[in-house]
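Here is a briefing on one protein structure. Look over the sequence and the fold before reading on.

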Amino acid sequence: FREDVRRLPKPQVTDKEARKKLLKNAFSVEKVPADLDAIVIGSGPGGLTTAAILAKSGKKVLVLEQHGKPGGGTHAFGHKGLQFDCGIHYVGKMESGSTVRVLLDQITEGQLQWAPLDDDYDVAVLEGPNKMR
């Protein structure tokens, strides 16, 4: 990366209708430009990273996703009042200046905000029928 493209984070969009308008933009052939340079299949972290790098290098990129939501293995879903993460749970080595942080800050223009993890960041207690652990 030749220059630092980070910028102040934009406000997070929490309005469900505004988010739906952006994310639920269904595919139609009429929307596809004729002069694409690349088509990326899948909107998981790898696909989105690849598409962002290509777009930042001046290429016209189309990302296609068969699921109703972008994100691939980064999805979470709810079931009976519980939330389940499908893939990525924690991302380490994100302190300022680390190689991964610099790369992701450049790809996302600094729009991701990272929170440090406590030493005990993941604790699970499973109890059996007699309160056995």
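The notes below cover pockets, salt bridges, backbone angles and surface.

This is a predicted model: local features need pLDDT of at least 70, side-chain atom pairs count only at pLDDT 80 or more, and totals for chains, interfaces and linings use all residues. Residues are numbered from 1 along each chain as its sequence is written, and side-chain values use heavy atoms, with hydrogens and water left out. The largest pocket holds about 2300 Å³ of space. The salt bridge count comes to seven.

**Pockets**

- A pocket is found on a 1 Å grid over the protein atoms alone, as an open set of points where a 1.4 Å probe fits, with protein on both sides within 12 Å along at least five of seven lines. Lining residues have an atom within 4 Å of a point.
- Grid points are joined across faces, edges and corners, and a volume is the space filled by probe spheres set on the points.
- The largest pocket has a volume of about 2300 Å³. Its lining has 48 residues, and the closest to the pocket centre are Leu23, Ser43, Leu48, Pro70 and Gly71.
- Helices (H or I, at least four residues) and strands (E, at least two) are DSSP runs, numbered from the N terminus.
- Helix 1 (16–23), helix 2 (45–56), strand 2 (61–64) and helix 3 (99–108) each give at least two residues to the lining of the largest pocket. Helix 2 has the largest share, with seven residues.
- The lining of the largest pocket splits into 25 nonpolar, 14 polar and nine charged residues. Here Ala, Val, Leu, Ile, Met, Phe, Trp, Tyr, Cys and Pro count as nonpolar, Asp, Glu, Lys and Arg as charged, and the others, Gly among them, as polar.
- The second largest pocket holds about 270 Å³. Its lining is made by Thr14, Lys16, Arg19, Lys20, Leu23, Lys24, Gly68, Lys69 and Pro70.
- Five charged, two nonpolar and two polar residues make up the lining of the second largest pocket.

**Salt bridges**

- A salt bridge is a side-chain nitrogen of Lys or Arg within 4 Å of a carboxyl oxygen of Asp or Glu. By this rule there are seven.
- Glu109 pairs with Arg7, with the closest N and O atoms 2.7 Å apart.
- Buried means under 20% relative accessible area, exposed over 50%, and partly exposed in between (1.4 Å probe, protein chains only). Glu109 is partly exposed at 23%, and Arg7 is partly exposed at 36%.
- Glu17 and Lys20 form a salt bridge at 4.0 Å, N to O. Both lie in helix 1, three residues apart, about one turn of the helix. Glu17 is exposed at 54%, while Lys20 is partly exposed at 45%.
- Asp105 and Arg101 form a salt bridge at 3.1 Å, N to O. They are four residues apart in helix 3, about one helical turn. Asp105 is buried at 7%, and Arg101 is buried at 19%.

**Backbone angles**

- Most residues other than glycine have a negative phi.
- Lys93 has a positive phi, near 60 degrees. Lys93 sits in the loop between strand 4 (82–85) and helix 3, and is exposed at 63% relative accessibility.
- Glu109 also has a positive phi, near 55 degrees.

**Surface and distance**

- Phe77, Leu82 and Phe84 make a nonpolar surface patch of about 290 Å². Patch residues have over 30% relative accessible area and no salt bridge; like charges are joined within 9 Å, nonpolar side chains (Val, Leu, Ile, Met, Phe, Trp, Tyr) within 5 Å. Accessible areas come from the Shrake-Rupley method with a 1.4 Å probe; for residues, only the protein chains shown count as cover.
- Phe77 lies in strand 3 (residues 76–79) and is partly exposed at 42% relative accessibility.
- Ser98 lies in the loop between strand 4 and helix 3 and is buried at 13% relative accessibility.
- Ser98 and Lys16 are 82 residues apart in sequence and 34 Å apart in space, C-alpha to C-alpha.
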